[in-house]
Structure formats: structure tokens, C-alpha cells
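Dear colleague,

Please find below the structure that I am handing over to you. My notes on it follow directly after.

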2 protein chains.
Amino acid sequence: MRYDELAELGQQLRVDAVRAAQAAGSGHPTSSMSAADLGAVLLAHHLRYDFAHPAHPGNDRLILSKGHASPLLYALYRAAGVVDEAELLTFRRKGSRLEGHPTPRLPWVDVATGSLGQGLPVGVGMALAGQRLDQLPYRVWVLCGDSELAEGSVWEAVEHAGHERLDNLTLIVDVNRLGQRGPTRLGWDLDAYAARLAAFGWHTVAVDGHDVAAVDAAYREAASTEGRPTAVLARTLKGKGVAGVEDEEGQHGKPLPDAERAIEELGGARSARIGVALPVGSRRPERPKPEQVSWPRYELGEQVATRAAFGDALAALGSERDDVVVLDGEVGDSTKAGVFGEAHPERYFECYIAEQQLVAGAVGLRARGYVPYAVTFAAFLTRAHDFIRMAAVSGLAIQLCGSHAGVSIGEDGPSQMGLEDLAMMRAVHGSTVLHPCDAHQTAYLVREMADLPGIGYLRTCRSPMPVIYGPDEEFPVGGSKVLRSGPDDRVTVIGAGTTVHQALRAGELLESVGIPVRVIDLYSVKPVDEVALRAAAEATGCLLTVEDHRPEGGLGDAVAATFADGRPQPRLVRLAVRDMPGSATLEEQVRAAGIDAEAIAATVMLLTGRAVVS
Amino acid sequence: MRYDELAELGQQLRVDAVRAAQAAGSGHPTSSMSAADLGAVLLAHHLRYDFAHPAHPGNDRLILSKGHASPLLYALYRAAGVVDEAELLTFRRKGSRLEGHPTPRLPWVDVATGSLGQGLPVGVGMALAGQRLDQLPYRVWVLCGDSELAEGSVWEAVEHAGHERLDNLTLIVDVNRLGQRGPTRLGWDLDAYAARLAAFGWHTVAVDGHDVAAVDAAYREAASTEGRPTAVLARTLKGKGVAGVEDEEGQHGKPLPDAERAIEELGGARSARIGVALPVGSRRPERPKPEQVSWPRYELGEQVATRAAFGDALAALGSERDDVVVLDGEVGDSTKAGVFGEAHPERYFECYIAEQQLVAGAVGLRARGYVPYAVTFAAFLTRAHDFIRMAAVSGLAIQLCGSHAGVSIGEDGPSQMGLEDLAMMRAVHGSTVLHPCDAHQTAYLVREMADLPGIGYLRTCRSPMPVIYGPDEEFPVGGSKVLRSGPDDRVTVIGAGTTVHQALRAGELLESVGIPVRVIDLYSVKPVDEVALRAAAEATGCLLTVEDHRPEGGLGDAVAATFADGRPQPRLVRLAVRDMPGSATLEEQVRAAGIDAEAIAATVMLLTGRAVVS
């Protein structure tokens, strides 16, 4: 395309952004207008994408990290001929694919954006897939705003991309100098941005983002730069092309004051259609044939930490399935994800202590068809909460494992204890939350997770626990195990993880004083086994949940929610971690928290009207 | 102190770290040993701190960001004479103040650490207090590890400190080149670290971290550098001083293999006592006398968004109390925190789009005695989840406000909707969770929050709602309002925020078909008003919760938990947002989510055995 045509295309995109926002009565036209020329040049000259086949393995990836500039993206799709004018004007309407912020409801959108600072870390995950696994020459293009460079997640990604020398990754920064409420810290100081990125090993090119020839050259330079990722730093004007709006404060996130006049000023509506270049590579490398592996087996009664069983199973799963990849937050020796790393180093991604990049990397790898397990301490997954939330918006299945759950980690103290993780993970849309108490159960669930449709979470513990299940027992998601029951059970004690063992011990204590109780291992915290819980409720009338977690949002809430259907309910009681722990041994911790066998037994005795024997 | 004495002090600290870990049987002696000389020089020559008066306003602040190196910190306290040998050896025992990771259980620790990458952002908050509010010459010293520089939160802080020219802040980086499971990305490449920090406006000094004279000079340089924060980049050896451990992999986080021999090699135990310099300034500037302010008043029936009332109230509170400070995540025009910014610019901290720094800044300001309100979209507070968790470990009262809660924001779509925030905030230890439905209620609660003992959370909504309460009504934390009731109520409908208005409208609809219902405004989601809920349960037998939030962890769980006391329960039903919303108008959203008046009325009719009238 000639440069004057490219400039015209930029104007078309601006007009379409203005029209879409005008039709919607809301949206971000000015943030779209600043990046219009950047988008035009990319679409017409650089992007290699088969719009008819979004799943084509050789397609470039385009992530609009500044998701609020969705009108620009939709205008690009119109120029590519996959969204028509009528659809463009459905922007932000109920049922439209053209949402306020892009989501994979559109087949060309890999990941939802709109929470700023996420596009680059996710793009890093995709670029890692391209470089290390697919070995295909696709490029990952991330278009982001200047404001979002304040997000730490961006710098986790900048560091990771520089370190991994991701030369298949290009970051385009739309430096329009205006954030939501006023100027950014750096304004148009492209040198400052360049110095920062260069310090992390990036190549940078600074351009006038409205000079299409310069932008074209910059993208060429990015594509031909080897051994380093490239950032194109583009000086632009927010609201470019419309007087009274261009480069003005107070014009963020709303339709233009006079859209008709603006469209006229931009030269009126156009309908140029761009023939986007097709991808060049499509064959992924042959991967080694999956092996017949022996699945981990343990002896009944053997002391095995669920984190250890997790590591063993993950490594075995990696032999069984060549699509499984693992991401570590520099704690693989503690979480035991490192066992996978030793067995399958080519599919092990060390993300260092950067949990946002850890989860974003998983999202990017999932978008490229892999089955990622992102693993760190349960407590530190909170660091990536927003990325988990957005992965759910994207509808992408990523698997998370959080180790060192609960007070039962012992001496390390509360900073290292996952005590809020069940609450966080249960509230994620479409999530599955699993908390095994045994090595075989853990191993079984690790394998099940690989085929979950949404976000999976496995909670493991630091300390060894006895193996109580045989190697061939099955543990379906949504199931539970009744570990102890009899016709005269007075109460049902429900645990998961370490508290299952406390419940079993309490069962023995109570038996010795003539109070039979049922014990349920509720390893599937979401979804819960409603059938088993209802049966237990009917049989015993009273359910006692015991969890190594805060009282809010975990096992107790999950069980209670089961009965919130308007029918009469059983009596419920919950034991959970109500105080702030300090350092102490495992035994001291669970005793202090009141979630040990003695506390369970005492509670059951109170519930059954028996005095506590002390 | 002479340099040979300083070196001796470094050895004493190493020996004490080794002894503490040996006594505990766990801990991180090697990570303490690398930083021992850095700590020795700081304590003996640079820190100005009155250990007898930790609350002295002129005290320097010392944050051990690499919290796992707590044995070093405790060894420093021993050298300062405030921890004796016997206490040192209680390290990591139950009841000891010397926890695995430092917490404010020790009077000289301002904030808990142990989740890496938090010390610097919190230090930035303290340094901002020193520079802008206290105007005292204290310095903030943050000692961090090299591994934790991978955390994005560190770079949010680096940028913020550079931008704010915090020359009262010194970052000391213990570059021992070894992380938990192996070498860091950059090893001993101090130049690379320096280039990164310099690009963000920092002054840097690179030194051999075991050359006490060089370290001394570097700290002097840091203290005398004006207009910029300084980073002292210290090349060190992990496990320094003990052969077979020094600079070896696989020695992270455990006692030394032969502690006795190591102590001997380090020259044996010592008991030097350091006279730490006292602070030089103590008088904070006179602040303007609090004004008599008129508290915001609205007309009954007036349409006012709770976010707007929040902004008005916050500004008024700022006039009433001079200790209130506000932090904004570059969305102050949306959250309405900006109203405070206009009224009290000197106490308004713009953190740009960096939510971890936003919350960490609040933590730092709280530690200096201010009452911070950190404000952004509810959805984006998830970004700072780990900082909120750690603030709870610190026991610090910070106030958070999340706006744009729920699907009722309308067209912007799910990326902008706070739908998991109640779950996140309820599970925080000691938190208070408030969700007002009316302007006067919001204003009242904004004022109440200032005196909360722990972490407070106020959830506000984007769209206007009618004012239903008078200006003098009181809304105590833990309370609720019965908005509709009669002797024949069949069901109690419980809402908060927007759903209160839907519940009221449902009450009218149901009245018209002869089904009286009670309506409760449960504005205090944690703690909940157990008395009112029990009374409603007794009177109506059935409670229906309605929330603009995920079904997990929010209002429904909070109400259910109230009845988990082993006594017979009322029937419970919950309406919540179960699907993934797209873009749509407010009305379409609440209808699609099934949390509008019609859905409430239909549910009540089902519950009461009446066919649904449609």
C-alpha cells in the first residue's frame, strides 16, 4: 500500500472509532484515534493473519493491551473485511460481539483485555510458545498505552522478554501522553521510555506515530531485529485529527462532543478493505511420542506430602501428554514443580519471582493450545489475582497449583501461609477448586485437571500426610469420599487436605467415648458433591466443616451454599483459622487454630450435648 | 566505629544468624550472612533510631524486604541491645516475637515482610510521608534481595520514587546472585541493575558488600544525594564466611550443615553492643486546624451514585481530620476520589495505574500515623491482593474503596466489573466490608472507616441511585436497616448496594399480588448484623439474599455463615451473578444476571408456592 493510502486507512479507522462510540453513546474514541495509524500500518503491511482461520498455527498474534481502545480494533476488523458496518454499530450493545473491551467472543481475539498492563505479559507467554515449542515464525504484536506502563506487571514482562531474547515479540507503545485523568508521568519523553526498555535488554525505535512511513520502517526494524524484543515507541496525539479534542485533557472515555463534525473533519466515512498477508509457517515441530509411563504409586500409610505427589504426578503427566507445560515462580524446589522441570526441561518455564508473569505466561501458552500448570505458593497466587480474573473473562482453561496451604506449614509464619486462596479461587467464574489429602488423590486430580474446561486450582500442603487411598481409586471432580460412617452417626465431619486426617483421628477419639461420626473427604471444594452432602445431612442432621483456611469463602461457605436452595437445612458448624498465626510447629499451629482432632471432638461433643472430656 | 570493628560486627551478626537458625532447626542463615556487613554498617554508622521510643517521629525506618533473612534483623536487634541472647534463641518458636518472617509483634518492625517485593513500595509510602507530610529528616532504608527485583511491584515503586524524587529513600540490594532454587537472572551484573534503576531516575552506587569501608561510603553518598533516591548495589556472597556453604547452591533456607564448625570459622560468638545514633528531628509541621465542615446532604429521592457521595464525604472528612490522606490509581475522576484531591491536594497521592504501589503506599502512610484511603475500581484492587493480605499480617488499618462494583456498571463489560471483591475482602483477617446503597449511608460509612481497627473496604457503584435515608440517620458498622416489614412477611429479601433498590421494588411488586416481604439493607457485609438476621429468620423462616457479585464469598455466604452455629437454620436462597456478562445497559445487565426486582419477585413466589405471574 502507498503511504498516502495508509494515511487514508488511518483516517478510516478514526472515523469508524468515532462512529462506533457515537452509536454506543460511550466508549473510547480518542484513545483509538491516537493509535489509528499504528494499527493501519500493522494491518496493511506487517500482520500475517488468516482471518478465515483464526486457529491457523502460523498466524501472528495481535493483542490490544489498551483494551478500552476497542473501537480501533473493531475498525481494523472492518478494514479486514470480517466485521461489517452494521456490526460495527452494535458496539457495546447487549449480545454484540463488539464488547466495551475485547473478549474472545470474537474469534480473532485470543485474550480479553481491559485490565491494563496485561497484554504484554500474556504476549510473552505466546512468544515463548512460538520460540520454544511451536518453533513457528509468527510474531506477537502487543499494542499498549503509555499509562499502563506504570503497572509492575509490564516490567515483569519486559524483564522476562529481554532475558528470554524474544525477538518474535514487538511492543508498540501509543505514547499519547494523556491518561484518564490527566498527563502521564513521562509525557512524550520517548527517550526516557527507551532508556528503561533498553536497560532490560530491549531494542527500541522511537517514531512519530502519525508518520506512516516512519511507523512502517519501525515495524520492519522490529521484525528484522534478532536476539532481542523490540519496542516501537510512538509519539501520538490523543483524539488525533479533530480540533478541540486532539491532545486535550478531559476527552478520555466518551464519545466526541460533535461526532458528525468530527467525521467530516476526518474526511468522512470510508470503506477501504485490506488484504491481510497470510501466515508463512504452519507446521509445528514433531514432538517426541508420548511415553507409556508408570503413574506414581505409594504404600498405604506411607507419609507423603501432597506437594511431593503433585510433583511426581506432574512429571508423569508430562510424559503422558506432550501438551502439558509448567511455569514456576522460582520456588520449584518447594512446590515440587521442579520435578517436572527435571523430566521435561523444554516445557518448563522459569518465571522467577514474578507471579503476574507466571499466570499471564500460562494464559499466553493456553491461547497457543498448550495445557499450562502455573505453580507457586498458595499465598503468592494472590499476587496474580487480577490475571486469574481476566483469564476467566477470556474463558481460557489454565491450571494453578498453590502449595504451602494453611497454618500447617508450621514455623515460617503467616506471610507464607495460603489462608485466603480458597476464597479467591472459588469466586472465579467457572473455576474448579481441589484440595487433596493424600498422594494418590493428588496424582489423580493432577491428571484430571488437564481436561478441565475452565480455571482449575489445586491446593497442596507442605507436610507429609499418610497415604489413605489405594493407587487405583478414582476421584472425579465434584466427588467426595465417605471415610467413616455407620447407621448411628450423630454428626458429619467434613474436611479437605490436612483436616481430613484430623477428622479421622477425631472419629476415633469420639468412637472411644461412644459418639459415632461420619467423616467426609471433600476434596472437590468447587463443585461440591451435593449428593453426598445431602445424604450426610439427612443421616446425621448436622454437618461440621473443618478447614485450614479463613472462615470466609472456603470449605464452610461451600458446604453452606449447597443447602441454600430454599429447602430446610441441616445444622451447620464450622471450624477454621480465625486468628493471626505466628511461628510455631505444625502441631502447635493446628491446635492454636482449633482445627485439630481434639477441637473437632470437643465441638462434636458440644453439639451432641455431651460434656467435653479433657 | 573503626572498620575492623565493623567487620567484626558483621561476623557477630553472622554467628547470631547461624545460632538462631540452628536453635530453630529452620530459617535462612545464608541469606542473612550475605547481608550481614550491609546491616552492620547501617546500624553502627547510619541508622538514626531511638530503640527505646519506636514511635519517635524522627526515627529512621528500616524495612527488611527480604523478610526470610529475619535472623539478621534479630541479630541487629541484639547488637542494639533490645533483644538478648536468650530471646534470640527463641527464633521461630511458638509465642516468640522473633517469627520466621518479621512482623510488628516486634515494636521496631513497622510492617510485616516475607512476601517478596513489598518492602520498597511500602518504603515509598513512608518516604512520601517524610517528604510531604511530616517534613522530618528521617531516612527510609529498605534492604532487599536481588531475586525479589523480579517482582513488578518493585518497579512500580522504583518508578514512583524516581518520579517523586524521594531522596530520603535508600534501597540496599543484597546481590548475592543466588535465589531459592538457583542463580538469579542477572547474577552479579551490578551494571545491569544500575542501568535499570538509573533509567527510572535513581542514583546508584555499586560496591563490594563485604567491604565495610566501601559500604560506609556508599551509605554516606546515599544520604547526601539530593533530588533522587539512591540504590546501593552490593555484590555479596550468600553464606559468606563459611567454606562449603559460601556462594554454594542448595544452601537456601535451612540451618548450616555444621553450625558449630561454622561458628568457629566465623570466629566464635561475640556480644558487641552498638550505641545507635538518635534521631535528629522530631517536630512535625503545624498542620492547618481542622475546619468545621458541613457534611454532605442530599434530598430524599435525589439520584446520587454512591461513588459521588463517597467523593463528597471523603473531601469533607479531609477537612474535618488532618490525618486523612488519599491515594488514587489514576482513576480519581471515576472513583470520585479526585474530589478530595481538589480540596486537599497536599494530602492526595497520585499513584498512577499501579495498584500494588497504591495499597503499599497506604500501608507506608499508615505506619507513619496517617489514615489512608486507597481508591480504585473494585475490580483492580485484586491487583493488590497480596499487599492487602500482608497489611492484615502487619495489623495495620488501611481503608480501601473499590468503585464500579458489579454488573450494574453497564456497557464497559466484565473486565471493569468488581464481581469478586467481596470474596477477596471478606477473607482478609480482621477486615470490615461495607456496601452502601444510598448517599447518606455512604457518607456516614466513609467517616466511620477512619476509626476502624483493621482493614476497611467500601464498595461503591457507578450509577445513580435514589437517596432513601435522611441526612441524620446512623449506620453503625455491623448494623443493617429493615426497610420494609410487617407482621405477615413470608420471606426476607436481603440486599446491599444496588440490590437494595431492586429488593424494594420487588417488595412493591409482591405486595401487589398479596405476598408481603421483609426487606433488609445489609450494608455491613462483615461484620453482619446477626441480631437483625436472626429476627428476620424467626419472623419469616426464609431469607433470600440478592447480590451484584459472584455467588461465592459475598453476601450470600456472609448471611449463611451467621447461622452456622449448630442451631436449626432458616431456609436460605441466593441470587447472584452466575454467568459471564458482556456489554449491555445497566437494566439489561441486572436482568440478565437475575438480580433485578422481577427475578426477586419470581423467586419469592416460587418460595411461597405461588405461580409466577408473567
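I begin with B:G281, which sits in the loop between helix 10 and strand 6 (303-305) of chain B; helices (H or I, at least four residues) and strands (E, at least two) are DSSP runs, numbered from the N terminus. With a relative accessible area of 12%, B:G281 is buried, where buried means under 20% relative accessible area, exposed over 50% and partly exposed in between (1.4 Å probe, protein chains only). Leaving aside residues up to four places away in sequence, B:G281 touches B:H56, B:G58, B:L136 and B:P137, a contact being heavy atoms within 4.5 Å. Its C-alpha atom is separated by 16 Å from that of B:M126, 155 residues apart along the chain.

Please note that this is a predicted model, in which local features need pLDDT of at least 70 and side-chain atom pairs count only at pLDDT 80 or more, while totals for chains, interfaces and linings use all residues. Residues are numbered from 1 along each chain as its sequence is written, chains are lettered from A and ligands numbered from 1 in the order in which they are written, and side-chain values use heavy atoms, with hydrogens and water left out.

Overall picture of chain A

Chain A contains 23 helices and 19 strands. Its radius of gyration is 27 Å, close to the 25 Å that the globule rule gives for 614 residues, so chain A is as compact as a globular protein of that length. The radius is taken over C-alpha atoms, and the rule is 2.2 Å times the number of residues to the power 0.38. Along its principal axes, the C-alpha trace of chain A spans about 90 × 50 × 40 Å. Of the 614 residues, 69% count as buried. Among contacts in chain A with a separation of 6 or more, 78% are between residues 24 or more positions apart.

Helix 9 of chain A

Helix 9 comprises 13 residues (212-224); at 1.5 Å a residue it should span 18 Å, and its end C-alpha atoms are 18 Å apart, which agrees. The expected span is 1.5 Å times one less than the number of residues. Buried in this helix are A:V212, A:V215, A:D216, A:A218, A:Y219 and A:A222. At the start of helix 9, a side-chain oxygen of A:D211 comes to within 3.1 Å of the backbone nitrogen of A:A213.

Backbone points to check

A cis peptide bond joins A:K526 and A:P527, with omega about -5°; A:P527 lies in the loop between strand 17 (524-526) and helix 20 (530-540) of chain A. In chain B, a cis peptide bond joins B:K526 and B:P527, with omega about -5°.

A:R92 has a positive phi of about 70° although it is not a glycine. This residue is in the loop between helix 5 (85-88) and helix 6 (119-134) of chain A, and at 5% relative accessibility it counts as buried. B:D247, also not a glycine, has a positive phi of about 60°. B:D247 is found in the loop between strand 5 (230-235) and helix 10 (259-265) of chain B and is partly exposed, with a relative accessible area of 23%.

Yours sincerely

Methods: Polar contact = N/O pair within 3.5 Å; in protein donor to acceptor, adjacent residues only side chain to side chain.
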